[in-house]
Amino acid sequence: MKRIITASAFTVAATLAFAEDVAPDNVVFSEYGEVEASLSGQAGDPAAGLQIMVSRGKGNCIACHQVTALQEYPFHGDVGPILDGVGGYRTAEELRGILANPKMTFEGTIMPAFYRTSGFNRPGNAFTGKAAEGELAPLLTAQEIEDVVAYLQTLQD
Amino acid sequence: MKLLFRGGVVAGALFAALAAQADEEANLVINGDIEITVRTDAPEHVAQLGTIYSGWVFRSDETQSLQMDDFENPGMIFVDDAIDAWNTVDGTAGNSCAACHGEPESLAGVRAVYPKWNDEAEEVRTIAMQVNGCRTERMGAEAWKYDGKEMINMEALIASVSRGMPVDVAIDGPAQSMWELGREIYYTRFGQLDLSCANCHEDNYGNNIRSDHLSQGQINGFPTYRLKNAQLNGVQSRFRGCIRDTRGETYGVGVEELIALELYVASRGNGLSVEGPSVRN
């Protein structure tokens with residue numbers, strides 16, 4: 001009995017958290033591309049953010065960025081700037097905006113938008129090469145964006 | 001060149017774990033005999049590149065060396081298969097390729113100028129389209145699958161007899177509108193990652209994306225034998241793979257968009273040598 005109650009309590013919490021997510025199309029960017037408030041309404045978890053940064057199926061951020069603190073994870077790319085110290089010179093609002101849609105901060109950038117679901121040319125069904133069916137999911141969830149923001153804030157010189 | 005050094009020197013010093021960097025100054029001579037131009041001045045219509053490079057330049061020393069000797073190049077096995085097909089009679093007319101063309105060497109120079117406008121058909125034709133034209137019209141044989149094994153093998157044979165000759169694809173005259181369509185597609189962003197060919201192969205060649213060392217995406221080396229899938233790969237299949245990797249919806253092989261893109265990308269390599277079948281990873 002206790003177990004059942006715990007499980008349903010979790011379900012309610014998860015639903016609530018989801019309901020509070022800002023939908024990708026509703027994210028408000030400032031003139032400079034910042035996003036003011038948490039996308040999930042929750043604080044980010046830096047440890048979860050680290051895993052998202054390095055996993056190919058998630059953020060795969062090190063595909064393009066070098067991060068000295070992540071040196072134990074192989075193959076850092078060099079298409080984007082080194083992120084060492086980025087938590088010191090960028091605010092959480094700036095980082096959240098860059099992750100959600102970096103084109104609002106860097107015009108014409110190669111960096112993909114991790115929280116955007118519309119406005120694409122020939123969107124596919126993940127990496128199948130086939131046309132997408134139904135609505136696209138963002139590359140990262142609202143909470144995952146917050147987790148990565150929290151991790152990036154730990155990168156201080 | 002600046003880009004190349006930034007990738008190699010800075011990244012290499014910082015991260016020992018980076019993928020092995022090739023000798024980007026190396027020159028390619030096949031069988032100690034066929035000199036391949038792997039870097040040269042960019043043609044006027046892609047002056048922004050300054051210098052154009054064969055994809056060979058960006059591969060590891062081991063991969064590079066496989067292409068220096070036909071006995072080590074796994075792609076040459078398929079050239080032998082294609083020589084058999086070349087001599088085999090097929091179709092209702094009782095012809096083989098050899099019946100009309102003699103030795104495969106008679107097609108030296110062909111790879112260098114394709115895709116090419118065909119006056120009679122009034123269309124830009126890839127080599128695959130031309131081969132199927134011969135099969136259906138002159139041999140009374142069935143068309144081969146556009147990127148099937150027989151076709152890619154034959155393309156490897158046709159490329160191999162032009163090795164060392166400079167790519168020289170015509171971009172004006174009746175081919176111009178297809179070329180312009182191809183250029184438009186090259187700069188169009190695809191998929192949920194929202195990336196164009198140019199984002200990777202013009203803006204970032206010489207840099208690494210994870211463990212991939214980005215080349216200029218030239219097609220002078222096609223078909224390519226890839227160590228990754230241990231087979232010969234056609235140009236348009238490669239394009240499809242790159243569009244798929246943007247989380248995009250690809251095109252089918254042989255459609256107008258990919259023919260146009262093939263013409264345009266081929267022209268970006270005008271001046272490099274034909275080097276197919278090449279070896280890549």
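Predicted model: local features only at pLDDT ≥ 70, side-chain atom pairs only at ≥ 80, totals over all residues.
**Entry 1: where the chains meet**

I began with the interface, and I found that 37 residues of chain A are in contact with 31 residues of chain B. I then looked up how much surface is hidden there: the area buried between chain A and chain B is about 3,100 Å², and carbon and sulfur atoms give 53% of that area. Which three residues of chain A supply more of its buried area than any other three? They are A:D78, A:R122 and A:F127, which supply 23% of the area that chain A buries against chain B.

**Entry 2: charges and polar contacts across the interface**

Next I turned to the side of chain A that touches chain B, whose residues I sorted by kind: 19 are nonpolar, 12 are polar and six are charged. For residues at pLDDT 80 or more, I noted 16 residue pairs in polar contact between the two chains.

I also looked for salt bridges, and the rule finds three of them across the interface of chain A and chain B, while the count over all chains comes to 13. I followed B:D194 in particular, and wrote down that its side chain meets that of A:R116 in a salt bridge, with N to O at 3.7 Å. B:D194 also forms a salt bridge with A:K103, where the closest N and O atoms are 2.8 Å apart. Where do the two ends of this pair lie? B:D194 is in the loop between helix 8 (176-186) and helix 9 (197-201) of chain B, and A:K103 is in the loop between helix 4 (92-100) and helix 5 (142-153) of chain A.

**Entry 3: helix 3 and helix 7 of chain B**

I then moved to how helices pack within chain B. Helix 3 (residues 75-87) and helix 7 (residues 149-160) of chain B pack at an angle of about 100 degrees, and their axes are 8 Å apart. Angles of 65 to 115 degrees count as roughly perpendicular, and therefore I describe helix 3 and helix 7 of chain B as roughly perpendicular to each other. On the helix 3 side I listed residues including B:F78, B:I83 and B:W86, which take part in the meeting with helix 7, where the residues include B:M154, B:L157 and B:S160. The residues of this contact divide into nine nonpolar, two polar and two charged.

**Entry 4: backbone details in the loops of chain B**

Last, I checked the backbone. The peptide bond from B:Y114 to B:P115 is cis, with omega near -5 degrees, and B:P115 lies in the loop between helix 5 (110-113) and strand 5 (116-118) of chain B. The peptide bond from B:G276 to B:P277 is cis as well, with omega near 0 degrees, and I placed B:P277 in the loop between helix 11 (256-268) and strand 11 (278-280) of chain B. I also noted B:R210, which has a positive phi of about 50 degrees although it is not a glycine; B:R210 lies in the loop between strand 7 (208-209) and strand 8 (212-213) of chain B.

Technical notes:
Residues numbered from 1 in each chain as written. Chains lettered and ligands numbered in written order. Heavy atoms only, no water. Contact = heavy atoms within 4.5 Å. Buried area = accessible area lost by both parts, 1.4 Å probe. Salt bridge = Lys/Arg side-chain N within 4 Å of Asp/Glu carboxyl O. Polar contact = N/O pair within 3.5 Å; in protein donor to acceptor, adjacent residues only side chain to side chain. Nonpolar A, V, L, I, M, F, W, Y, C, P; charged D, E, K, R; others polar. Axes fitted to C-alpha atoms, helices over the stretch in contact; angles between N-to-C directions. Helix = DSSP H or I, 4+ residues; strand = E, 2+ residues; numbered from the N terminus. Parallel < 35°, antiparallel > 145°, perpendicular 65-115°, else oblique.
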